[in-house]
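Definitions are given with each term as it comes up.

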Amino acid sequence: MKRFVCLLTDFGVSDEYAASMKGALLRISPGVNIIDVTHELPAHDIISAAYILYSIWDYFPRGTVFVCVVDPGVGGERREIVACGEGKYIVCPDNGTLSLLLRRGARLTCFSIKRKAVENTTGKRISATFHGRDIFAPAAGLICNKKFAAIRQQEINPYIIPQVFTETTASPHAIKGRILHIDRFGNCISSIHQSESAKNSFSGKVTVAARNLTISPISKTFADVAPGRRLAYWGSTGFLEIGIRNGNAAAALGIVQLDEVVLR
Amino acid sequence: MKRFVCLLTDFGVSDEYAASMKGALLRISPGVNIIDVTHELPAHDIISAAYILYSIWDYFPRGTVFVCVVDPGVGGERREIVACGEGKYIVCPDNGTLSLLLRRGARLTCFSIKRKAVENTTGKRISATFHGRDIFAPAAGLICNKKFAAIRQQEINPYIIPQVFTETTASPHAIKGRILHIDRFGNCISSIHQSESAKNSFSGKVTVAARNLTISPISKTFADVAPGRRLAYWGSTGFLEIGIRNGNAAAALGIVQLDEVVLR
Amino acid sequence: MKRFVCLLTDFGVSDEYAASMKGALLRISPGVNIIDVTHELPAHDIISAAYILYSIWDYFPRGTVFVCVVDPGVGGERREIVACGEGKYIVCPDNGTLSLLLRRGARLTCFSIKRKAVENTTGKRISATFHGRDIFAPAAGLICNKKFAAIRQQEINPYIIPQVFTETTASPHAIKGRILHIDRFGNCISSIHQSESAKNSFSGKVTVAARNLTISPISKTFADVAPGRRLAYWGSTGFLEIGIRNGNAAAALGIVQLDEVVLR
């Protein structure tokens, strides 16, 4: 059975970076099937990376290897990790990339990567500025070649970004979360998940205090409101989103990543 | 023989949408070969989608499945369709996506898609906002698995966008068409096809009345005019195009999609 | 063993051009594995194409075919070429695309392409404006089908762009080069390679005279300087680069392609 290797980076596609990763991977494991998830993650935006990784996780089959490189700390102290669970693997820097999967219950076991094992395979010195090509892509290739045991070092607790968490308050009864990602249409995706809402009863009033914004009730789909009108709805990944029908909510309402969102 | 599945969407690649479609397809039919045609169609621009689909159709081998999702009506009343002809398949919303292929003579038989058959395969509820992932990609996977009969419902007449048609007038002798698509270089591609021109004799005078623009005669290639000069020419897909050598015709001349073009 | 075909173009992905090339290739050689290197090369920028091609060359396995189409001279007098060396192939217009590989020592043998052999295979007339689809992609397909001998004509000396060369001066002791490419982060990549520097001793003073800019000494990585500060460093492809930590050097310093860079 052919392996899928999913690539998520902020490298863009106008330079050699994404292609060099593909080449480094294919030299080691030429039979894999590369899936470009995105190379257009906002530069250095680890939270968006964590969101996209979470939102596609369920849709790929067992055996898939995800390589997720948004790596502002390259060349510094952060570790490189390989996580495995549900028959899938993730290779990434230990900078919070796994936050949303872990917060939302994915059973992942995480290990630091043995750099020396990667370097011995590629026969090339690891550069100071490009671990996507020199560590992460080759590590994925080795996993595809059933060399997972050779590259993993000790088990570790990966870093989790605190802002992906939500908080349920008793009085007034509410869930507090934050905007995680703004999509290309300007829809604003929060960290509040439908499953959390289902556990309790809420009136369905959504507030973004910093933007002086209240929306109520929660709609089912864009067609429920008139063109140009704002709405809150459970998006296709299960999170509470804020949008404008035929419009760009982030631009029109001034919403930015990490804005606090409250569902009452 | 491996199947090709061509993806055409307006989802961009900075979010999870295109990748979720790929995952949903590969879970059902892991052996297919995904071809990213484009995820950068202008948002909601069904006419451009119809044009790009038409222009690549001939170049892909028998057995190819095209998934074309520009779907402003998602969640509303429009049907989902699967079309087949010349040994190839197209999965798309019934919103005019097939207009140009049908107008230009492709022999396609069209059916509505049996949603229930798709839902039973994925085991996931169809969301209100993302049929690319929940219906169209899985339907393509089922076709690749030789389950075409299982997903098709009754035969239908698909919706055709009237603007893709051309009209031949007797006096004065002319063909009237419209601008269908503006490419990234600013070249303006009309609905007037070389084969229509060949049937009659025209003087080769091209007019865009709304922009107060007349070009004559029709050039063979950009090199026929001086840099910066406008020209009309038969483009690589066979349609009459308006361009500027080393320049952006749409921006410089103010031409927009659906502008009427007349060839005399 | 499956063949990889790497595509490098300036066609973008919002039109049909890149996809038509893929289709034309797959019709001839359906078993190949297409790798999108980039379709976002700056329009008509042959030097950037030459740089990206050079920078990925080593990372792809033997047997890979590179199709590199930045072709402002399409329809004119320039020849089409196929180059082979190190078990890999390149198909491109003879316009300087191979300059950096040849300058940096790649052992390539170059031939002009027999247009008639390509045309006979596709059964389609070669258009005046789109040789990517009509010549280069089919030629790559034929190479993958072991028909290299059928498409090559006489051996030729390909055109080399003079600006990719560097010059070593004796007094004062220095290497002169030029900016070849500016990446999406604004890092400015010069033609001066670490291997040239290693042959002699330099003080490590980098000058871009046209921008009134001097940087010294050469840093190891971005983390060596404070955020917002400029630096010169040996990039991941081995060339001397100028960057700003967490910033865009090209924009901030006014550096443009072909600016002269001197290392003393």
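## Basis

A salt bridge here is a side-chain nitrogen of Lys or Arg within 4 Å of a carboxyl oxygen of Asp or Glu. The model is predicted, so local features need pLDDT of at least 70 and side-chain atom pairs count only at pLDDT 80 or more, while totals for chains, interfaces and linings use all residues. Residues are numbered from 1 along each chain as its sequence is written, chains are lettered from A and ligands numbered from 1 in the order in which they are written, and side-chain values use heavy atoms, with hydrogens and water left out.

## Chain A against chain B

The contact (heavy atoms within 4.5 Å) takes 28 residues from chain A and 28 residues from chain B. Together the two chains bury about 2,400 Å², with 55% of it on carbon and sulfur atoms. Buried area is the accessible area (1.4 Å probe) that two parts lose on being put together, summed over both. A:Tyr59, A:Arg184 and A:Ser236 supply 31% of the area that chain A buries against chain B, more than any other three residues.

The rule finds one salt bridge across this interface. A:Arg184 and B:Glu40 meet through their side chains in a salt bridge, at 3.3 Å from N to O. Twelve residue pairs, both at pLDDT 80 or more, are in polar contact across the interface of chain A and chain B. A polar contact is a pair of N or O atoms within 3.5 Å; within protein, one must be able to donate a hydrogen and the other to accept it, and residues adjacent in sequence count only if both atoms are side-chain atoms. On the side of chain A that touches chain B, the elements giving two or more residues are strand 2, helix 2 (46-57) and strand 9 (174-182) of chain A. Helices (H or I, at least four residues) and strands (E, at least two) are DSSP runs, numbered from the N terminus. Strand 2 of chain A gives the largest share, five residues. By class, this side has 14 nonpolar, seven polar and seven charged residues. Ala, Val, Leu, Ile, Met, Phe, Trp, Tyr, Cys and Pro count as nonpolar, Asp, Glu, Lys and Arg as charged, and the others, Gly among them, as polar.

## Chain C against chain B

Here 28 residues of chain C are in contact with 28 residues of chain B. The pair buries about 2,400 Å², 54% of it on carbon and sulfur atoms. The count is one salt bridge. It joins the side chains of C:Glu40 and B:Arg184, 3.2 Å from N to O.

Helix 1 and helix 5 (131-144) of chain C each supply at least two residues of the side that touches chain B. Helix 1 of chain C gives the largest share, eight residues. That side of chain C divides into eleven nonpolar, seven polar and ten charged residues.

## The cavity

The structure holds one cavity of 30 Å³ or more. On a 1 Å grid over the protein atoms alone, a cavity is a set of points where a 1.4 Å probe fits but cannot get out; lining residues have an atom within 4 Å of a point. About 260 Å³ of space lies in the largest cavity. Grid points are joined across faces, edges and corners, and a volume is the space filled by probe spheres set on the points.

The lining has 17 residues, and A:Ile34, B:Ile34, B:Asp36, C:Ile34 and C:Asp36 lie nearest the centre. Elements giving two or more lining residues are strand 2 (33-38) of chain A, strand 2 (33-38) of chain B, and helix 1 (17-28) and strand 2 (33-38) of chain C. The lining comprises eight nonpolar, three polar and six charged residues.

## Backbone

Most residues other than glycine have a negative phi, and most peptide bonds are trans. A cis peptide bond joins B:Ser216 and B:Pro217, with omega about -5°. B:Pro217 is in the loop between strand 12 (213-215) and strand 13 (230-234) of chain B. The bond from C:Ser216 to C:Pro217 is cis, with omega near -5°.

A:Lys146 has a positive phi, near 65°. A:Lys146 sits in the loop between helix 5 (131-144) and helix 6 (148-151) of chain A.

Key: 1 Å grid on protein atoms, 1.4 Å probe; cavity = no way out; pocket = protein on both sides within 12 Å on 5 of 7 lines; lining within 4 Å.
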